[in-house]
Amino acid sequence: MKVEMKVDYYPGDPGEFVRVDESKCTGCGECAKFCTRNVWVQDGKIFRPKNLKACVECGACWNVCEFDAVIFEEPKGGTGVRFEYG
Amino acid sequence: MTEVEYDVIIVGAGCAGPAAAKKAAELGLKTLLLEKSRTPGEKNVSGTCLNMAALVDPDLHYLMKGPVEREITEMHSYMITPERTTMFRETPSEGLILLSIRRDHFDAWHTEEARKAGAEVRLATTVVDIIEENDAIKGVITDKGEKLRAKVIIDAAGVNSIVGRKAGLIPKRKGTDMILYVTVNVHLGEKLVTERFGNSIYYFLAPQTQYKTWPWAFPKKDVVTFGTGGYLDDNLFKDGINSVNDYMQNLLDLPVIKEKIKGGKIASWGLHLEFDEALERRTRDGLILTGEAGGFVIPFLGEGMVEAFLTGIYAAQTAAKAIEANDVSAAFLEEHFMEYYTGNVFLQSFRYVADFNKKSILSMPDEEIAAMMQNVCIGGGFISNAIHYNWMKGADEDDMSLVQEAKDFYEFIQPYRQVGSESVEIYKKMRAEK
Ligand SMILES: Cc1cc2nc3c(=O)[nH]c(=O)nc-3n(C[C@H](O)[C@H](O)[C@H](O)COP(=O)(O)OP(=O)(O)OC[C@H]3O[C@@H](n4cnc5c(N)ncnc54)[C@H](O)[C@@H]3O)c2cc1C
Ligand code: SF4
Ligand code: SF4
């Protein structure tokens with residue numbers, strides 16, 4: 001059986017709840033390394049959460065960024081990832 | 001922008017939140033419970049097994065009336081090396097050891113119980129910030145821009161809680177304090193789950209399937225939840241492992257598992273962090289952190305739902321006391337909250353066991369962990385390990401303080417060890433009342 005990242009999302013725009021603080025990002029790449037959903041992508045000298053649609057709100061990127069450059073907020077009420085079974 | 005005053009506002013309707021809201025409402029407090037999902041249990045939450053030894057606590061009996069997927073009576077552990085597979089079967093108590101649940105059903109039921117008790121519940125409402133005045137937490141701000149005020153805020157928003165982070169109590173965490181878990185739910189249908197997994201949970205220790213944690217299989221009604229992962233540090237990814245999904249793939253490819261999930265289908269996938277140390281401070285003026293937000297999980301065992309229920313209830317009781325005394329200072333909240341917490345034998349004994357076993361696991365290579373696991377299985381579980389290890393080491397090294405520590409702990413947990421057939425009786429009674 002092949003591991004398949006089967007996730008659902010609520011309809012509706014969650015907003016830009018994960019962002020990069022450009023002035024603090026050093027381009028170290030830790031966020032991308034620990035993001036299982038490949039949300040973070042290199043853009044010149046820094047990284048950006050370009051594929052935010054795929055985010056499952058785990059918080060790994062925020063925890064591993066040592067430069068306080070990951071802004072990790074909350075999706076709007078009733079939007080974002082939806083898990084089944086728990 | 002409206003400004004309403006509540007006695008307590010509880011953020012998050014996972015495990016701790018509804019428990020806190022129900023208790024607060026029962027104590028006559030004007031209570032508001034806020035949850036960002038449309039149905040509680042559908043956001044990034046996880047956990048399958050409710051520990052019966054904890055549910056025997058009278059405060060938690062009502063939870064046995066909730067939607068249960070499976071009644072778990074056994075545990076199997078597999079040690080797998082390239083040379084051989086060893087399987088241990090354990091039936092640690094006479095009765096039920098765990099109740100298996102699915103969070104999207106259980107949390108929704110629990111939230112309804114809180115509502116029935118008199119709490120106001122608002123779903124699809126995200127808390128985005130706190131209201132802070134003169135160094136005290138006075139309320140929360142929602143994604144709709146509403147400012148909601150309360151005498152006490154109870155943070156039950158889980159491991160990434162924005163409340164605890166904004167209040168400066170939850171720091172960034174890596175290394176051996178934080179575990180990244182991946183889960184998959186494999187759908188087999190009720191009949192096949194029963195035939196192949198029965199009413200047992202399973203732990204696996206095999207090369208390349210984990211990093212310093214225990215992969216597991218927990219059967220629900222028609223799916224089996226598999227989980228694995230590892231500490232969020234630089235060694236999480238190496239030797240061909242580039243993502244926690246690689247650990248999961250290796251786990252599902254183990255011959256013992258492959259056989260059991262044949263014909264099944266991945267129904268859902270999940271990714272979660274779990275913090276596994278206590279936070280330094282769990283309170284500020286007007287704020288109490290409960291459940292995973294407060295670091296109330298059992299390190300190493302990956303168990304936190306019952307700790308969340310209990311700390312939720314204790315926070316509500318503490319809030320009631322504080323409001324009555326007209327003192328919501330951090331000092332007052334901390335003193336009374338911790339008094340309830342340290343008074344619970346289950347919580348204290350499990351914390352000890354978990355700290356002890358975590359320490360061993362962090363200091364040992366995989367082969368030694370397997371050997372420890374083997375001893376644990378033969379000796380009757382992690383509790384025995386925590387007692388035996390110090391006892392034997394003390395005897396070996398002529399260090400009476402270690403023997404004394406083992407003996408003190410043994411005596412301390414006697415009330416907990418007597419839980420057995422009693423839990424089944426209470427369970428039957430609660431199901432009948434349901
Ligand atoms: C993979 C995995 C397996 C586990 N297995 C078990 C197990 O078998 N048994 C066990 O006892 N424990 C288990 N645990 C631990 C257990 O899941 C947690 O300890 C427990 O869920 C913590 O409960 P909580 O109420 O503190 O937080 P959560 O259950 O995380 O609930 C938090 C709630 O708050 C909501 N929320 C968050 N932020 C906001 C916001 N800003 N505004 C509004 N709402 C918000 C969330 O949507 C959620 O509903 C497991 C953990 C993991 C990661
Ligand atoms: S971890 Fe932080 S500093 Fe490093 S690339 Fe990512 S955002 Fe930038
Ligand atoms: S929260 Fe998790 S999934 Fe989302 S961007 Fe960060 S690491 Fe990736």
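In what sense do strands S10 and S11 of chain B pair, and over how many bridges? The pairing of S10(B) and S11(B) is antiparallel and runs over three bridges, where two strands count as paired if DSSP finds at least two bridges between them.

1. Conventions. This is a predicted model, in which local features need pLDDT of at least 70 and side-chain atom pairs count only at pLDDT 80 or more, while totals for chains, interfaces and linings use all residues. Residues are numbered from 1 along each chain as its sequence is written, chains are lettered from A and ligands numbered from 1 in the order in which they are written, and side-chain values use heavy atoms, with hydrogens and water left out. Helices (H or I, at least four residues) and strands (E, at least two) are DSSP runs, numbered from the N terminus.

2. Strand S9 (residues 127-133) of chain B pairs with strand S10 (residues 136-142) of chain B in the antiparallel sense over six bridges, and B:Val127 has B:Thr142 in S10(B) as its bridge partner. Two residues lie between the strands in the hairpin of S9(B) and S10(B), where B:Asn134 takes a positive phi near 45°. The hairpin of S10(B) and S11(B) has four residues between the strands, and there B:Gly145 takes a positive phi near 85°; across this pair, B:Val140 stands opposite B:Leu148 in S11(B). Strand S11 (residues 147-155) of chain B is mostly covered, with seven of its nine residues buried, where buried means under 20% relative accessible area, exposed over 50%, and partly exposed in between (1.4 Å probe, protein chains only). S11(B) is also joined by three bridges to strand S18 (residues 287-289) of chain B, and these two strands run parallel, with B:Ile153 opposite B:Leu287 in S18(B).

3. The three-stranded sheet. In chain B, three strands form an open sheet in the order S3-S7-S4, with antiparallel pairing. Strand S3 (49-51) and strand S4 (70-72) of chain B stand at the edges with a single partner strand each, so one side of each is left without a neighbour in the sheet. S3(B) pairs with strand S7 (residues 98-100) of chain B over three bridges in the antiparallel sense, and B:Leu50 stands opposite B:Leu99 in S7(B).

4. Nonpolar cores. A nonpolar core is taken here as a set of buried Ala, Val, Leu, Ile, Met, Phe, Trp, Tyr and Cys residues joined through side-chain atoms within 4.5 Å. The largest has 81 residues, and those with the most contacts inside it are B:Ile9, B:Val184, B:Phe197, B:Phe226 and B:Leu236. Its largest share, seven residues, comes from strand S12 (residues 175-187) of chain B, and this core draws at least three residues from each of domain 1 (3-65 + 102-173 + 279-342) and domain 2 (71-97 + 174-275) of chain B, the bounds coming from an automatic or database domain assignment. A second, separate core of 62 residues includes B:Phe106, B:Tyr314, B:Ala319 and B:Phe346.

5. Helix H6. Seven of the nine residues of helix H6 (residues 244-252) of chain B are buried, so this helix is largely enclosed by the rest of the structure.

6. Helices H1 and H8. Helix H1 (residues 16-26) and helix H8 (residues 305-325), both of chain B, pack at an angle of about 35° with their axes 7 Å apart, the axes being lines fitted to C-alpha atoms, for helices over the stretch in contact, and angles running from 0 to 180 degrees between N-to-C directions. The contact (heavy atoms within 4.5 Å) involves residues of H1(B) including B:Ala16, B:Ala20 and B:Lys23, and residues of H8(B) including B:Phe309, B:Gly312 and B:Ala316.

7. Two buried positions. B:Lys22 is found in helix H1 of chain B and, at 12% relative accessibility, counts as buried; leaving aside its neighbours within four places in sequence, B:Lys22 is in contact with B:Tyr62, B:Glu113, B:Ala114 and B:Ala117. B:Ala13, in the loop between strand S1 (3-11) and H1 of chain B, is buried with a relative accessible area of 0%.
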